[in-house]
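Good morning, and thank you for coming. I shall present one structure today, and I ask you to keep the display in view while I speak.

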Amino acid sequence: MLDYINGKVMQKGLGYVVVECNDIGYKLLVSQNTSYELNLDQINIIYTHLVVKEDAISLIGFSSITERDMFERLISISKIGAKTALSILSVYTPSDVAKFIKSSDIVSLSKISGLGKKTAERLILELKDKVDMFVNTDDVVLKPNNPVSSIDNLVTDEAAEALMMLGFTAKESQNAVQKAYDIKQSEDVQDIIKTALSLLKK
């Protein structure tokens with residue numbers, strides 16, 4: 001089984017990275033938190049999980065073993081697939097998720113796109129006794145300089161990555177997106193991107 005890849009991150013996109021190892025480029029689906037922790041054009045160790053379906057094979061990447069372990073627990077729950085699990089780990093750290101599960105915080109969990117109240121309740125019921133090791137783990141996640149809510153972090157993350165795909169540097173993208181968010185205070189990614197582009201053209 002493929003446990004990890006030690007290679008250079010050649011590209012970052014919305015929800016994925018491309019890693020070159022031994023002249024082979026691997027496309028890995030990742031959370032926004034992992035994407036921010038991986039350094040572009042540098043060698044990174046990325047832990048992996050292979051998802052095999054009838055119509056597709058996907059390789060999931062993680063910046064830490066802790067995040068991978070939480071991902072594997074999340075997808076063990078009925079109706080939580082890889083996409084939803086990555087959405088959860090894009091908004092919250094494994095420690096956050098564990099705390100919400102232990103405290104039966106359905107409200108915080110059900111804010112995630114694709115995770116309804118009933119699924120959140122099932123997640124809490126089935127994992128409450130299986131996440132103790134994740135509480136207070138030292139997950140360090142890059143955040144914008146100005147503190148905003150986890151949901152807003154996801155919005156600004158997606159907008160910044162979209163700008164980088166258009167050719168702007170990470171620093172230019174992050175600064176423009178943060179300014180755009182401060183101006184608009186919007187959770188609409190397209191709205192933030194449009195405003196950020198107008199700022200970059202000035």
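**A helix pair and its surroundings**

I begin with the crossing of α2 and α3, which is right-handed; in a right-handed crossing the near helix is turned clockwise from the far one by less than a right angle, and in a left-handed one anticlockwise. Helices here are DSSP runs of H or I with at least four residues, strands are runs of E with at least two, and both are numbered from the N terminus.

Please note that this is a predicted model, in which local features need pLDDT of at least 70 and side-chain atom pairs count only at pLDDT 80 or more, while totals for chains, interfaces and linings use all residues. Residues are numbered from 1 along each chain as its sequence is written, and side-chain values use heavy atoms, with hydrogens and water left out.

Helix α2 spans residues 65–74 and helix α3 residues 82–91; their axes come within 9 Å and cross at roughly 135°. That makes α2 oblique to α3, since angles under 35 degrees count as roughly parallel, over 145 as roughly antiparallel, 65 to 115 as roughly perpendicular, and the rest as oblique. The axes are lines fitted to C-alpha atoms, for helices over the stretch in contact, with angles from 0 to 180 degrees between N-to-C directions.

Which residues in α2 meet α3? They are Glu67, Met70, Phe71 and Leu74, and their partners in α3 are Ala82, Ala85, Leu86, Ile88 and Leu89. Contact means heavy atoms within 4.5 Å.

The UniProt record, an unreviewed entry, annotates residues 72–91 and 107–126 as "domain: Helix-hairpin-helix DNA-binding motif class". In the model, residues 72–91 are 65% helix and 0% strand, with end C-alpha atoms 17 Å apart. For residues 107–126, the chain is likewise 65% helix and 0% strand, and the end C-alpha atoms are 17 Å apart.

I turn now to the loop between β2 (16–21) and β3 (24–29), where Asn22 is found. Phi of Asn22 is near 55°, a positive value. Asp23, in the loop between β2 and β3, has a positive phi of about 65°. Most residues other than glycine have a negative phi. Asn22 counts as exposed at 70% relative accessibility, and Asp23 is exposed at 75%; exposed means over 50% relative accessible area, buried under 20%, and partly exposed in between, with a 1.4 Å probe and protein chains only.

Finally, the whole protein has nine helices and five strands. Of its 202 residues, 44% are buried.

Conventions
UniProt positions are given in the numbering used here, feature names are shortened, and annotations may be inferred rather than shown by experiment.
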